[in-house]
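Student: Hi, I have a new structure open and would like to talk it through with you. Could you start with the overall picture and then go into details?

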Amino acid sequence: MNNQKLHEQFLQSLRKEKRWVRFYQLLILIAFFGLWETASRFRWIDPLIFSSPSKVMNLLIDNIADGSILVHISYTLFETVLGFILGTLLGAILAAILWWSPFLSKVLDPYLVILNSMPKVALGPILIVAMGPGMGSIITMGAIISVIISTIVIYTAFRNVDANYLKVLQTFNASRSQMFKEAILPSSFPTIISTLKVNVGLSWVGVIVGEFLVSSKGLGYLIIYGFQVFNFNLVLMSLLIIAVFATIMYQLVELLEKKLIKSE
Amino acid sequence: MSFLSVSNVHHTYFSKEAATEALQDINLTIDKGEFVSFIGPSGCGKTTLLSIIAGLFEPTSGSVHIENQEVYGNKDLSIGYMLQQDYLFPWKTIEENITLGLKLLKQEKKSFTNVASSLLSDVGLPPVEKKYPRELSGGMRQRVALARTLAVDPKILLLDEPFSALDYQSKLKLEDLVSNKLKEYGKTAVLVTHDIGEAIAMSDRIFLFSARPGKLHQTFLVPEELRTLTPFEARAHSSYSSLFQTIWKELESLE
């Protein structure tokens, strides 16, 4: 009875702490937008450049009403998700090939380092000329920005799998592909998931830069267009939308993580 | 013709710095159903020799045969290998872990559930098929590892210090269990250990190795009266301590 009471108290203190955390999180959010609005109203900051939450909100409502923003959002979202999936998948496949052939991985090592250090967005103009100024080159941008780093990180995870697991499989006369399927891949799942988390951010970078360059549709296009016509309401609105959707994508990856990794 | 024969095995490890001779001219034979132990100071190559017997790699020269078949590169030969830790796959259930070997050998999947549950009760575990390794204690996990090894019905069991990571009580219990099971199934086994007592309590014969390079130094025959006892009972027998003293002195002289 007494124990139960103590446990109840413990749970209560946990709930109380959680409420305070939520309270301060909300406070920061309100303070940020409140300060931004006030600063803009009283001209502490230039409203032409920094806009204000109310202006951004009004613009957003207008754009939702005429439906134009939804087109841009869906374009960008489609490109980002596809680039993200392609980049990670390709990275994992390349990592598997490198694991399969240690000789190939030794040969390719310096090239991976070069490709990884090079800023991939600099390839943008070439991609656009080669593939045409359309969705294809934007998705490619979203993918190539994450593919090499994914390859390197996942390959390292493959190599760090405890050799004793492979020994166990070897005593059962397992083939190399069986070893990959039974030990290498599943024990690298945590690393693959954390690569996914990094790639969420990277593919947004790739796609937005791609849209800057192609300049026809999407949130990246809205940002560059807003900048050119000096409409910073538009720029900040696009930025806020990107923040919201990037967060949602990240949360989805975390959900996937909880589903996939049940052994922890 | 003996069951297992190791003939003229030499093994050298190569690194950029040096070539290290791990094993030098090893010759030994083991009979069917026999339980033998390899003991010796660290660096005597006992684990290397065990890996070679398992066919995990090829010796620099010499050969190992089981029932006249070359071990290395032989896909038909099934060998059971138990390591210091259980190395159960944490993302697989106990049942999936036990039947892993069967799955790799492409056996009929329908029988897996039966095999797993009968092996579990065989190694003295409650029905924990659907649990994950993390939910079991160290001793229980090592029992599951034993069940996984036995599932493929191996010709020979190779034990690489499988009891050394356990607490003393679990270790004694597991020694009895392994010894019992091996006798019951009539399996041949090789145990690598640094524990003289364990070697005496479990084996029929003990091979003592000397280090740098690893050479077979001496063979001890465990007296008949100890062999018939369980490892736990053997530890309490009078001839246990006299053999312990003999081996201890010999081991001391090597260091």
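Predicted model: local features only at pLDDT ≥ 70, side-chain atom pairs only at ≥ 80, totals over all residues.

Student: How many helices and strands does chain A have?

Tutor: Chain A has 12 helices and zero strands, where helices (H or I, at least four residues) and strands (E, at least two) are DSSP runs, numbered from the N terminus. The radius of gyration of chain A, taken over C-alpha atoms, is 24 Å, which is well over the 18 Å that the globule rule gives for 264 residues, so chain A is more spread out than a compact globule. That rule is 2.2 Å times the number of residues to the power 0.38. Residues are numbered from 1 along each chain as its sequence is written, and chains are lettered from A and ligands numbered from 1 in the order in which they are written.

Student: What box do the C-alpha atoms of chain A fill, and how is the chain divided into domains?

Tutor: Taken along the principal axes, the box is roughly 75 × 75 × 30 Å. Chain A is divided into domain 1 (2–45) and domain 2 (54–260), with bounds that come from an automatic or database domain assignment. The C-alpha centres of domain 1 of chain A and domain 2 of chain A are 33 Å apart.

Student: And what percentage of chain A counts as buried?

Tutor: Of its 264 residues, 31% count as buried. A residue is buried if 20 or more other C-beta atoms lie within 10 Å of its own, exposed if 12 or fewer, and partly exposed in between, with C-beta atoms placed from the backbone.

Student: Switching topic, how many residues does each chain bring to the contact between A and B?

Tutor: The contact takes 13 residues from chain A and 17 residues from chain B; two residues are in contact if their C-beta atoms, placed from the backbone, lie within 7 Å. On the side of chain A that touches chain B, helix H8 (163–171) and helix H9 (176–187) of chain A each supply at least two residues, and H8(A) gives the most, with seven residues. By class, that side of chain A has six nonpolar, six polar and one charged residues. Here Ala, Val, Leu, Ile, Met, Phe, Trp, Tyr, Cys and Pro count as nonpolar, Asp, Glu, Lys and Arg as charged, and the others, Gly among them, as polar.

Student: Now chain B. In what order do the strands of its open sheet come?

Tutor: Four strands of chain B form the open sheet in the order S2-S1-S4-S5, and the pairing is antiparallel; two strands pair if DSSP finds at least two bridges between them. The edge strands are S2 and strand S5 (69–70) of chain B, each of which pairs on one side only.

Student: How many bridges are there between S1 and S2 of chain B?

Tutor: Strand S1 (residues 4–14) and strand S2 (residues 19–30) of chain B pair in the antiparallel sense over eight bridges, and a hairpin joins S1(B) to S2(B) through four residues. Tyr13(B) has Thr20(B), in S2(B), as its bridge partner. As for strand S4 (residues 61–66) of chain B, two bridges join it to S5(B), and the two run antiparallel. The bridge partner of Ile66(B) in S5(B) is Gln69(B).

Student: Where is Ser2(B), and what does it touch?

Tutor: Ser2(B) is in the segment before S1 of chain B, and it is partly exposed, with 15 other C-beta atoms within 10 Å. Leaving aside its neighbours within four places in sequence, Ser2(B) is in contact with Thr29(B), Ile30(B) and Asp31(B).

Student: One more: which residues of helix H4 of chain B are buried?

Tutor: In H4(B), which spans residues 112–122, Ala116(B), Leu119(B) and Leu120(B) are buried. They cover an arc of only 105 degrees around the axis, which puts them on the same side of H4(B); the arc is that of the directions from the helix axis to the C-beta atoms. On the other side of H4(B), Asn114(B), Ser118(B) and Ser121(B) are exposed.

Student: What do the buried residues of H4(B) pack against?

Tutor: They pack against helix H2 (94–98) and helix H5 (138–151) of chain B. Just after H4(B), Gly124(B) takes a positive phi of about 75 degrees.
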